[in-house]
Amino acid sequence: MTPPRPTLIADAAIDLIADAGLRGLTHRAVDDASGLPAGSTSNLARTRAALLDLVLTRIVERETADYPVFTEGEGFAPSTTARELLVEVGADMLYRALTTGRRLTLARLELALEATRRPELRAVYDRLGAGFADLAAALLARSGSADPTADARRLIRWCEGVLFNSTAGSGHWYVPMPEELREEVARYLAALLDREG
């Protein structure tokens, strides 16, 4: 079954950004890459800002699609603690973002930089990012965090550091294995949740 036109357009745009950066993203290039008739992209997203909004929203949809915790609650066995859920989902999302989802990560990093120059994109980026922060804060609160909002910011900063380092930074040549990521996420959560005071 052919995906809906907005999905085709957004996915083609993501691939263009991953391959050529934002300089390669034009309405015409998306039409060509998606195999749709000329004008299809501009009919859906008239401006570049609207196209970037569509792309960023689609990235988040794809990044969270396999994780019921984002839409239906935990999606794990009732015996799974919030802390265990943070470790499992956090490590799995990081590993996917560095392997099968690497192109999404590249596109998201490009959009993050663009958001520093475009207030309208910054607003979209921050709104979508708040969903991750809110979920992390809720799970951290259930895990015993004394300040779940601040701890969620710390956890997200750490995760984004891992993604940048292993995608575009000095560690771009090395992708941590799932076991290593689980151990690192567990260690970081211990530092957040088990510290004194």
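**Before starting.** I am working with a predicted model, in which local features need pLDDT of at least 70 and side-chain atom pairs count only at pLDDT 80 or more, while totals for chains, interfaces and linings use all residues. Residues are numbered from 1 along each chain as its sequence is written, and side-chain values use heavy atoms, with hydrogens and water left out.

**Entry 1, the cores.** I looked up the largest nonpolar core, which has 28 residues, and noted that Leu 94, Leu 155 and Leu 189 have the most contacts inside it. Such a core is a set of buried Ala, Val, Leu, Ile, Met, Phe, Trp, Tyr and Cys residues joined through side-chain atoms within 4.5 Å, where buried means under 20% relative accessible area, exposed over 50%, and partly exposed in between (1.4 Å probe, protein chains only). The elements giving two or more residues to this core are α5 (82-98), α7 (119-142), α8 (148-167) and α9 (178-193), and α5 gives the most, with ten residues. Helices here are DSSP runs (H or I, at least four residues), numbered from the N terminus.

I then followed Leu 94, which, leaving aside its neighbours within four places in sequence, is in contact (heavy atoms within 4.5 Å) with Trp 158, Cys 159, Val 162, Leu 163, Leu 181 and Val 185. A second, separate core has 27 residues, including Val 60, Leu 104, Ala 115 and Leu 121.

How are α1 and α4 oriented to each other? Helix α1 (residues 5-20) and helix α4 (residues 48-64) pack at an angle of about 90°, with their axes 9 Å apart. They therefore count as roughly perpendicular, a word used for angles of 65 to 115 degrees. By class, their contact has ten nonpolar, one polar and three charged residues.

I found Ser 40 in helix α3 (residues 40-44), and it counts as buried because its relative accessibility is 5%. Not counting residues up to four places away in sequence, Ser 40 touches Arg 5, Ile 9 and Asp 31. The side chains of Ser 40 and Arg 5 are joined by a polar contact of 3.4 Å.

With residues up to four places away in sequence not counted, Thr 64 touches Phe 70, Met 93 and Phe 132.

Terms used
Polar contact = N/O pair within 3.5 Å; in protein donor to acceptor, adjacent residues only side chain to side chain. Axes fitted to C-alpha atoms, helices over the stretch in contact; angles between N-to-C directions. Parallel < 35°, antiparallel > 145°, perpendicular 65-115°, else oblique. Nonpolar A, V, L, I, M, F, W, Y, C, P; charged D, E, K, R; others polar.
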